[in-house]
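Please open the model in your viewer and keep the selection tool at hand. The tour below moves from one selection to the next and says what is to be found at each stop.

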Amino acid sequence: MPPSTLLSPPPPPERQASNENNEELTNLPEDQVFEVLTRVPLDDLAACRAVSTRWRAITYEPAFAPLHCRRADAFSGYLVQSTTRYGRRAGFVSAHPLNPPLSLDFVPRAGRPWRRDDVRVVAVAPRMGLACCVSAGSGNVPARYYVCKPATQQWRALPNPRLRFQTRATAMAARPSSDDQGAVEFRIVRLSTYIRGQYNSLRCEVFDSRRFAWRRAEDVPLPSISLRAGEPAVHAHGAAHWLCWPDWNRVAAQVVFALDVVGTGDWRLIALPLELEDAKKRDTRLRKQITVVEGRLCLMVTTGFAMQMVLEVWEMANYAEARWEKKTRVSLKRLYEGEDQGLILQHLDSSGVAFLETSRRALWYDFQRGRKIAEVQVDHGNTTDTFKFESDMIPCQMMGGRPCYQSSSPAPFASSKEDDAMKVECI
């Protein structure tokens, strides 16, 4: 008998009752579903989006995020990292008012404890509110890796990877621990450049919080020059993504580099739409950038400048087949008529809302209706990196099986015994 005609046995009574309850929930009126979902904890929101396409669409409505942040005590916005006179400084911006605002001032400084600009964010875990930071060293004091939760001002020192190799890209994934309530597990993948001019592959190191050590993974045969150093990862479809830049010798066209951070560590290259190759020849100002919208990988393509700028959004319609579909094409003329022409499109906050920034402010713009939604003043300029960031306010009891510190902890640095225990493991 063909597999398509096989009939599965009826579910047991408990499973059948559970299915009936799910059907009752999905058949609720839309306003009632909206009220229920705005009170769901942030950790459970991903599971609710998998219940049905209707529930998924509700959680991505523009009115959902601000109400959910208030009722579920959560944060949703962007970590914006900027260059300053003395280093880099990260701040949090959101279209929803926050009290108190998020900051990284609580993270210990390895080399210069008195400076506020010596901590750099290198990766963020989607939806878990964790960030991987590097505190700059000074003199004989080496740089130090940390994992922290800015919403609760908690942190944990990590062993350092091989710092003599220049970092090209870093990605992070986290999840609640199944062993201990209130604990969190995480994994960090660091791609670096070989010294002595070996640019034909990327050196890969993986930090597993369960082992609390770095291990050497297989090299990635991708030219390191194709990845822009420090570019934030875009998380979608269970993988981290970076837009590769053309290499004069090895990569003939731009592609998207995808890396499985959570599971096997497999990687793949995703070709961009062929239509963009011809568009690049017609317009030298064409700019491409990847982002994530409603859980799907998207490509933003802008052509022209200022009031002549046009935005095209391509969505990954089939991730397994790497098939793109053009979702929208809209002119940004109305945006630049009344705004500073130095605004830079950074991300799409939703299918119709764009996040833009300039040297001293960030704003959210509804390009479908042609109006500004929110604007936030930023106290530092020259933005270099932007990370999509979501977090709850629940403190972590453990980070990777180790106790974590808070900003009021008496010991800001790891002791010598702890330093001896934090070895770099290379296989």
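Two strands are said to pair if DSSP finds at least two bridges between them, and the helices (H or I, at least four residues) and strands (E, at least two) named here are DSSP runs, numbered from the N terminus. This is a predicted model, in which local features need pLDDT of at least 70 and side-chain atom pairs count only at pLDDT 80 or more, while totals for chains, interfaces and linings use all residues. Residues are numbered from 1 along each chain as its sequence is written, and side-chain values use heavy atoms, with hydrogens and water left out.

Begin with β12 (239-243) and β13 (255-259), which pair in the antiparallel sense over four bridges; within β13, L259 stands opposite A240. Is β13 buried or exposed? Five of its five residues are buried, so β13 is largely enclosed by the rest of the structure, where buried means under 20% relative accessible area, exposed over 50%, and partly exposed in between (1.4 Å probe, protein chains only). The buried residues cover both faces of the strand, with V255, F257 and L259 on one side and V256 and A258 on the other.

Next, select P246 in the loop between β12 and β13, which counts as partly exposed because its relative accessibility is 49%. Show S226 as well: P246 and S226 are 20 residues apart in sequence, and their C-alpha atoms are 6.3 Å apart in space.

Move to helix α3 (residues 42-49), whose buried residues are L42, L45, C48 and R49. Seen down the axis of α3, these residues fall within an arc of 90 degrees, so they line one face of the helix; the arc is that of the directions from the helix axis to the C-beta atoms. They pack against α2 (30-37), α4 (53-59), α5 (64-71) and β23 (383-392).

For the largest nonpolar core, select L130, L158, M172, F186, I188 and M399, which have the most contacts inside this set of 22 residues. Such a core is a set of buried Ala, Val, Leu, Ile, Met, Phe, Trp, Tyr and Cys residues joined through side-chain atoms within 4.5 Å. The strands that each supply at least two residues of this core include β3 (119-124) and β7 (166-176), and β8 gives the most, with three residues. Centre the view on F186, whose contacts (heavy atoms within 4.5 Å), leaving aside neighbours within four places in sequence, include L130, V147, F207 and M399.

F186 also belongs to a cluster in which ring pairs link it with Y145, F207, F212 and W214. Rings of Phe, Tyr and Trp (its six-membered ring) pair if their centres lie within 6.5 Å, and planes under 30 degrees apart count as stacked, over 60 as edge-to-face and the rest as tilted. Over the face of F212 lies R402, at 4.2 Å from the ring centre; a charge sits over a ring if NZ of Lys or CZ of Arg is within 6 Å of the ring centre and within 35 degrees of the ring normal.

To finish, look at F355 and W364, a tilted aromatic pair at 5.0 Å centre to centre, with 50 degrees between the planes. F355 is buried, with a relative accessible area of 0%, and W364 counts as buried at 2%.
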